[in-house]
Amino acid sequence: MISLERYIHAAANASLHQPSGVVVEVVGLLVEVGGLKAGVGDILQVAGGGLDLEVIGFRAGRLVTTPLGSVAGVRPGTRVIRLDRGTRVGVGDALLGRIVDAFGRPLDDKPAPDLATKAPVRAAPPPPVSRRPIDKVFSTGVRAIDALLTLGCGQRVGIFAGAGVGKSTLLGMICRSSTADVNVIGLVGERGREVNDFVRGTLGDDGLARSVVVAATSDQPPLVRARGAEAATAIAEYFRDRGKSVLLVMDSVTRYAMAQREAALATGEPPATKGYPPSVFAALPRLLERAGTAAGAGTITALYTVLVEGDELSDPVADAARSILDGHIVLSRSLAERGHFPAIDVLQSVSRLAPNLMAPPQARAATLLRDLLATRQEAMDLVRVGAYVVGSDPRVDAALRMGPHIDTLLRQAVDERTPIDQTLAVMTHLASQAGVV
């Protein structure tokens, strides 16, 4: 019987035009390959089965890889070849209106898009000094955001929410109503049913027509899920480099971090912060910093959802994302339970660029409305127990009187779109009716 060492020796002396090795060991999420030289990030393929492997390290003269598919049927000694294509994804206008997987393969039962151009999945972020300043307002069509949390074209914002608070619905509203030329939507680690629900129900046919959906479902290997987020970002970069205004939506950054954690723990990297290895927190800025502005006229305005366990914002991934991004929108479970949708807690939410984007009248009105909301929140305990007497404090009186009108501004139906000019006019009118300075 031929030993495994002889398989490796034979593979090492194979044709130089097609370097090859053999499978030595499969343990959990790792496949070790002997007799082949490759670099970290290179793509290998198991002969016969069509299974791709991505090199994530090497030890004791063997390549440590992670499978990009099922390892069922892989045996010791199975031949492995190195592919020339590397970690690239097809990009082009033919992707518009399509649903593809992390490798650009169609998921919508249509022919594969004709894509002559390939883009690196893991491109470097634009140099800091080459980024153009963000000075143009990005209209989302959602009143609560446009009025009090104004975003700019090229801004990166996190949407922080627990499960079932309406983040996917909010993303669909923004995708349908925004002023972006192209939407690129990355669904990372979602259940298969949710992908179809988001595309057909939340996004709709009109939204899909100018969108590219990249889906990497929860049943796929960890690096495939991570690649889904990176491929969506690469597609967004392609359209930005052609001068387009791109809206990049990623649901969710947390599942991207979880996928990175699974792969890192499988290689033996020790966990650090609440079970997350250090490499996860190195991967997050590399991904998030790719969005935004660049040297050209195009922009990527990015919305990243972040799942928070138990609605607590102290989760390590949430902390890391909040420190990298240019603002955060917090969805409140208490608002959702009262039927206030979108359930945006404007007092906990911040757009770091809003002061630079708002005209002075809008800034004054926004500050006043936020102050009234905060005053009402502080006074509600006294009001509920009947301890507050009307007339005791003019500001509290104004907050209680204007509160329902402000809530009407901030509430919005799923299929309702409000132009930003109309939103600002209503907000300015409410501020003028408050009667306080």
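This is a predicted model: local features need pLDDT of at least 70, side-chain atom pairs count only at pLDDT 80 or more; totals for chains, interfaces and linings use all residues.
Two strands are taken to pair if DSSP finds at least two bridges between them. Strands of a sheet pair through backbone hydrogen bonds, either parallel or antiparallel. Between strand β1 (residues 20-27) and strand β6 (residues 79-82), the pairing is antiparallel and extends over 3 bridges. V22 has R79 of β6 as its bridge partner.

A102 lies in the loop between β8 (98-100) and β9 (117-120). Buried residues are those under 20% relative accessible area; A102, at 1% relative accessibility, therefore counts as buried. Apart from neighbours within four places in sequence, the residues in contact with A102 are V89, V214, A215, V224, R227, G228 and A231. The C-alpha atom of A102 is separated by 9.8 Å from that of L187, a residue 85 residues apart from A102 along the chain.

Helix α12 (residues 394-410) and helix α13 (residues 420-433) have axes that come within 11 Å and cross at roughly 175°. Angles over 145 degrees count as roughly antiparallel, and α12 and α13 are therefore roughly antiparallel to each other. In the contact between these helices, R401, M402, H405, I406 and L409 of α12 meet T423, V426, M427, L430 and Q433 of α13. Classed by type, the contact of α12 with α13 has 6 nonpolar, 3 polar and 1 charged residues.

Technical notes:
Residues are numbered from 1 along each chain as its sequence is written. Side-chain values use heavy atoms; hydrogens and water are left out. Helices (H or I, at least four residues) and strands (E, at least two) are DSSP runs, numbered from the N terminus. Buried means under 20% relative accessible area, exposed over 50%, partly exposed in between (1.4 Å probe, protein chains only). Contact means heavy atoms within 4.5 Å. Axes are lines fitted to C-alpha atoms, for helices over the stretch in contact, and angles run from 0 to 180 degrees between N-to-C directions. Angles under 35 degrees count as roughly parallel, over 145 as roughly antiparallel, 65 to 115 as roughly perpendicular and the rest as oblique. Ala, Val, Leu, Ile, Met, Phe, Trp, Tyr, Cys and Pro count as nonpolar, Asp, Glu, Lys and Arg as charged, and the others, Gly among them, as polar.
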